[in-house]
Amino acid sequence: MSLYGKYALGILFTFVLLAAVMLYALPLIYLITGTKGITSVNFFYTRIVLWMVLFFVFLYNFFVEKNAFLLQKEKNYTVSFYTKSVIRLYFTCLIGTSVIGIIIQLLTQEGMSSKMVQISSAFKNNYLLMIFICLTAGVVEELLMRGYIQPRIERIYNNQYCGIFISALLFGILHSTYGTIGQVVVPFFIGTVFAMFYKQYSNIKILIICHFMYDFVSVMIMNLIDTKHLSVL
């Protein structure tokens, strides 16, 4: 198999594993623990499974591709650049997703999905779990979606825009299991912003920090409000 064939198989392998986690991790954990529903313990286990996916992709890269995991070489920047970039990325995502949310709300009257309501109830006032959830999202999703998938798509098609668009699209599709239009469009937007930044500045650490911060602020807000009133149910 050619190197590009290995890249294509790795992308498919990664996406299938992530999709399987989104679809089947909780039902499988229900069977193992004997506890149904999205509890703090069950949701914690789903995050462990995501770390396992990252580990399996690392193994695939090491034994099959036998190449650098991050095809796009990391660039080093000053602390000032890190700070400004994280703030700039955060507010770009915040403003963009707020506008998207308003538009979707006006067009569809869509509320928070029932799954998100259950998840927010599971980590209610559990700050260690909230930190772990956000850390998992930041590290695992950025390393896999931007660090691993994006540059390999770019190499296969020899087109940077394909890498940006397809990786962002896959990122949005993976969030479709939450059951709302917003949970697809918003991640697609964020994925596009992050992918463009990664292509230009080649620094995955900044994206991990920003992703963590964006999610942590979001879950803290969800922790403070009664999400049941935001559900369409």
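## Ground rules

This is a predicted model, so to speak of a local feature takes pLDDT of at least 70 and side-chain atom pairs count only at pLDDT 80 or more, while totals for chains, interfaces and linings use all residues. Residues are numbered from 1 along each chain as its sequence is written, and side-chain values use heavy atoms, with hydrogens and water left out.

## Aromatic pairs

A pair of aromatic rings is described by the distance of the centres and the angle of the planes. Here, rings of Phe, Tyr and Trp (its six-membered ring) pair if their centres lie within 6.5 Å; planes under 30 degrees apart count as stacked, over 60 as edge-to-face and the rest as tilted. Searching the whole structure turns up 16 aromatic pairs. In one of them, the rings of Tyr4 and Tyr7 have centres 6.0 Å apart and planes at 25°, so the pair is stacked. Both residues lie in helix H1 (residues 3–33), three residues apart, about one turn of the helix. (Helices, H or I with at least four residues, are DSSP runs numbered from the N terminus.) Tyr7 is buried at a relative accessible area of 1%, whereas Tyr4 is partly exposed at 41%; buried means under 20% relative accessible area, exposed over 50% and partly exposed in between, with a 1.4 Å probe and protein chains only.

What about Phe197 and Tyr201: how far apart are the ring centres? They sit 4.8 Å apart, and with the planes at 40° the pair is tilted. These two are four residues apart in helix H7 (residues 182–201), about one helical turn. Phe197 is buried at 7% relative accessibility, and Tyr201 is partly exposed at 22%. Ring pairs also link Tyr77, Phe81, Phe197 and Tyr201 into a cluster.

## Charges over rings

## Nonpolar cores

In soluble globular proteins, nonpolar side chains tend to be buried together. A nonpolar core here is a set of buried Ala, Val, Leu, Ile, Met, Phe, Trp, Tyr and Cys residues joined through side-chain atoms within 4.5 Å. The largest one has 42 residues, and Leu89, Leu144 and Phe194 have the most contacts inside it. At least two residues of this core come from each of H1, helix H2 (40–65), helix H3 (79–108), helix H5 (127–157), helix H6 (160–174), H7 and helix H8 (204–224).

Leu89 touches Val193, Phe194, Phe197, Ile206, Leu207 and Cys210, leaving aside residues up to four places away in sequence; contact means heavy atoms within 4.5 Å. A second, separate core of 17 residues includes Phe43, Met112, Ile119 and Cys134.

## Pocket and cavity

Both kinds of space come from a 1 Å grid over the protein atoms alone: a cavity is a set of points where a 1.4 Å probe fits but cannot get out, a pocket is an open set with protein on both sides within 12 Å along at least five of seven lines, and lining residues have an atom within 4 Å of a point. Grid points are joined across faces, edges and corners, and a volume is the space filled by probe spheres set on the points.

The largest pocket holds about 1,500 Å³ of space. It has 48 lining residues, of which Met116, Gln183, Val186, Ser218 and Met222 are the closest to its centre. There is one cavity of 30 Å³ or more, and the largest cavity holds about 90 Å³. Its lining includes Phe43, Arg47 and Ile119, and H1 gives the largest share, four residues.

## Backbone spots

Most residues other than glycine have a negative phi, and most peptide bonds are trans. Asn125, in the loop between H4 and H5, has a positive phi near 60°. Ser202, in the loop between H7 and H8, has a positive phi of about 50° and is buried at 4% relative accessibility.
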